[in-house]
Amino acid sequence: MSFTEKQETLVNSSWEAFKQNLPSYSVLFYTIILEKAPAAKGLFSFLKDSAGVPQNDPKLQAHAEKVFGLVRDSAAQLRAKGEVVLTDATLGGVHVQKRVADPHFVVVKEALLQTIKEVVGNTWSDELSTAWEVAYDELASAIKKAMS
Ligand code: HEM
Ligand code: ISQ
């Protein structure tokens, strides 16, 4: 099934809500990732030297915003042309260098979906969740392809 206008709208509106409170949602995102994969802490330059997840770190926020923003872009691309083409040619190399593997992509996906669930509160729906999931999966496979 192709990515619908409704799905793109659902992703866009929750992306806007995510950005409204970036400081707290970005901390939530990393906190969930580290709960699921404690060893991932050492991978991130902006996490490895701090005790927990730094609460007011512009770099951490910018990285989280970039990840969610790329998933949002992926939704727009799926809607416009039915496929995701990486706009950042360095994305494969960065993740190869950090030795990111398939199970990590599952962890980041679950953390992203749990964060969005928190962002949208009682407007959460299966349809919204599926829209983010599809956009993430297509982006993740484009990154994995660039890694191989
Ligand atoms: C770096 C995006 C999946 C770990 C980056 C960068 C981007 C990015 C844009 C460049 C630096 C930045 O601006 O943040 C994504 C997207 C993903 C994804 C869109 C999934 C669709 C993963 C996964 C892991 C991971 C699964 C493993 C836990 C890292 C690390 C860096 C990085 C460790 C280097 C961060 C640093 O500068 O210290 N990623 N990534 N990424 N990514 Fe990912
Ligand atoms: C993956 N790649 C880059 C940045 C990230 C930030 C948070 C969680 C996962 C990430």
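## Surroundings of ligand 1

A polar side-chain atom of H95 lies 2.7 Å from a nitrogen atom of ligand 1. Four elements each contribute two or more residues to the shell around ligand 1, namely α3 (58-81), α4, α5 (102-120) and α6 (126-147). The model under discussion is a predicted one.

H95 belongs to helix α4, which spans residues 91-97. What is the single donor from the protein to the iron atom of ligand 1? That donor is the NE2 atom of H95, at 1.9 Å from the iron. The arrangement around the iron atom is octahedral because the 6 donor atoms subtend angles of 88 to 179°. For comparison, ideal angles for six octahedral donors are 90 or 180 degrees.

| Residue | Atom of ligand 1 | Distance |
|---|---|---|
| S45 | oxygen | 2.7 Å |
| H63 | oxygen | 2.3 Å |
| H95 | nitrogen | 2.7 Å |

In total, 19 residues surround ligand 1, and the closest are S45, H63, K66, V94 and H95. Which element gives the most residues to this shell? Helix α3 does, with 4 residues. Sorted by class, the shell around ligand 1 comprises 13 nonpolar, 4 polar and 2 charged residues. The space that ligand 1 takes is the largest pocket.

Conventions:
Residues are numbered from 1 along each chain as its sequence is written. Chains are lettered from A and ligands numbered from 1 in the order in which they are written. This is a predicted model: local features need pLDDT of at least 70, side-chain atom pairs count only at pLDDT 80 or more; totals for chains, interfaces and linings use all residues. Side-chain values use heavy atoms; hydrogens and water are left out. Donors are N, O and S atoms within 2.8 Å of the metal (3.2 Å for Na, K and Ca); water is not among the atoms, so sites may look incomplete. Four donors count as tetrahedral if all angles lie between 85 and 135 degrees; four count as square planar and six as octahedral if opposite donors are over 155 degrees apart and all others between 65 and 115; anything else is irregular. A residue is near a molecule or strand if one of its heavy atoms lies within 4 Å of it. A polar contact is a pair of N or O atoms within 3.5 Å; within protein, one must be able to donate a hydrogen and the other to accept it, and residues adjacent in sequence count only if both atoms are side-chain atoms. On a 1 Å grid over the protein atoms alone, a cavity is a set of points where a 1.4 Å probe fits but cannot get out, and a pocket is an open set with protein on both sides within 12 Å along at least five of seven lines; lining residues have an atom within 4 Å of a point. A molecule sits in a cavity or pocket if more than half of its atoms lie within 2 Å of its grid points. Ala, Val, Leu, Ile, Met, Phe, Trp, Tyr, Cys and Pro count as nonpolar, Asp, Glu, Lys and Arg as charged, and the others, Gly among them, as polar.
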